[in-house]
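These are my notebook entries on a single protein chain. I record what I looked up, entry by entry, with the criteria I applied.

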Amino acid sequence: MDRKTITSELRAQFFPLLQATGFVRQGDIARRVLDGSVVHIVEIQHRPRSAVFQVNLGAHLLALGDVAGGTLPAPQTMRDHDCAWRGSVIAGFRNATDAELAYGASAHEAAESVAFLVSEWQRQSQAFFAPFSDYPASFLAAARQAAQDLERHPAHLLTWARVAALLGEAALAQSIAQAALPRVPERATSLRAKLEAVLAG
């Protein structure tokens, strides 16, 4: 099938779910802004040549500013790549990280593909958005958890250190930075400098 058929199914089956939980849809992107200036993004990314689509997820705390150090877009124009935290709905058809959902070879298969997304939405969206849903409580809990996560990338730990600092938890911010520093790649001098700045207070 084609993008038009999938888009029709998404509008019929999927987007009403989002709108019921406060998302506002603009084309293939839906956004909601929660108390505490937390933004949630759901963005459909199509790959028509491969006849697949993905459902990308993003969450951002506006007080963090732009993830790349530039100017943060207005919440009403943000996309998933503007967010500090990103993920996707996992289809899992090929492997445990496969995020591609098939257009299908018929209208029936297209409807089934979107029905699968709908069946997974509550579980997977809750798992992704939960740490970013209740500012400041869930953010503080997630920052404390990050301090104990030895597998997390140092750049992600820097984000959580910044969150802790925003929450006035200087000791937590420093402990996260301290945990991240030994794992910073040698050439990542900017990341190292930012973590050292957190330690310096």
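Entry 1, burial. I call a residue buried under 20% relative accessible area, exposed over 50%, and partly exposed in between, using a 1.4 Å probe and protein chains only. I am working on a predicted model, in which local features need pLDDT of at least 70, side-chain atom pairs count only at pLDDT 80 or more, and totals for chains, interfaces and linings use all residues. Residues are numbered from 1 along each chain as its sequence is written, and side-chain values use heavy atoms, with hydrogens and water left out.

I looked up S37, which lies in the loop between β2 (29-34) and β3 (38-47). For secondary structure I use DSSP runs numbered from the N terminus: helices are H or I with at least four residues, strands are E with at least two. S37 has a relative accessible area of 37% and is therefore partly exposed. The phi of S37 is near 60°, a positive value in a residue other than glycine. I then turned to A51, in the loop between β3 and β4. A51 also is not a glycine, and its phi is positive at about 55°. With 26% relative accessibility, A51 counts as partly exposed. I noted a cis peptide bond between Y135 and P136, with omega about 10°. P136 is placed in the loop between α2 and α3 (137-146).

For contacts in general I require heavy atoms within 4.5 Å. Leaving aside neighbours within four places in sequence, Q54 is in contact with E43, I44, Q45, S88, A99 and E100. On the same terms, N56 touches I41, V42, E43, Q45, D80, G87 and S88.

Where is Y103 placed? I found Y103 in the loop between β6 (101-102) and α2 (107-129). At 1% relative accessibility, Y103 is buried. Its side chain makes a polar contact of 2.8 Å with the side chain of H46. Not counting residues up to four places away in sequence, Y103 has contacts that include M1, D2, R3, P48, A51 and F53.

I pair rings of Phe, Tyr and Trp (its six-membered ring) if their centres lie within 6.5 Å; planes under 30 degrees apart count as stacked, over 60 as edge-to-face and the rest as tilted. The structure holds 14 aromatic pairs. One of them is W85 with W160, which is tilted, at 5.0 Å centre to centre and 40° between the planes. W85 is in strand β5 (residues 85-88) and W160 in helix α4 (residues 154-166), so the pair ties together parts 75 residues apart in sequence. W85 is buried at 9% relative accessible area, and W160 is buried at 3%. Both belong to one aromatic cluster, together with F23, F128, F129, F132, Y135 and F139.

My criterion is NZ of Lys or CZ of Arg within 6 Å of the ring centre and within 35 degrees of the ring normal. R25 lies over the face of F15, 5.0 Å from the ring centre. The charged end of R32 sits over the ring of F129, 5.6 Å from its centre.

How values were computed:
A polar contact is a pair of N or O atoms within 3.5 Å; within protein, one must be able to donate a hydrogen and the other to accept it, and residues adjacent in sequence count only if both atoms are side-chain atoms.
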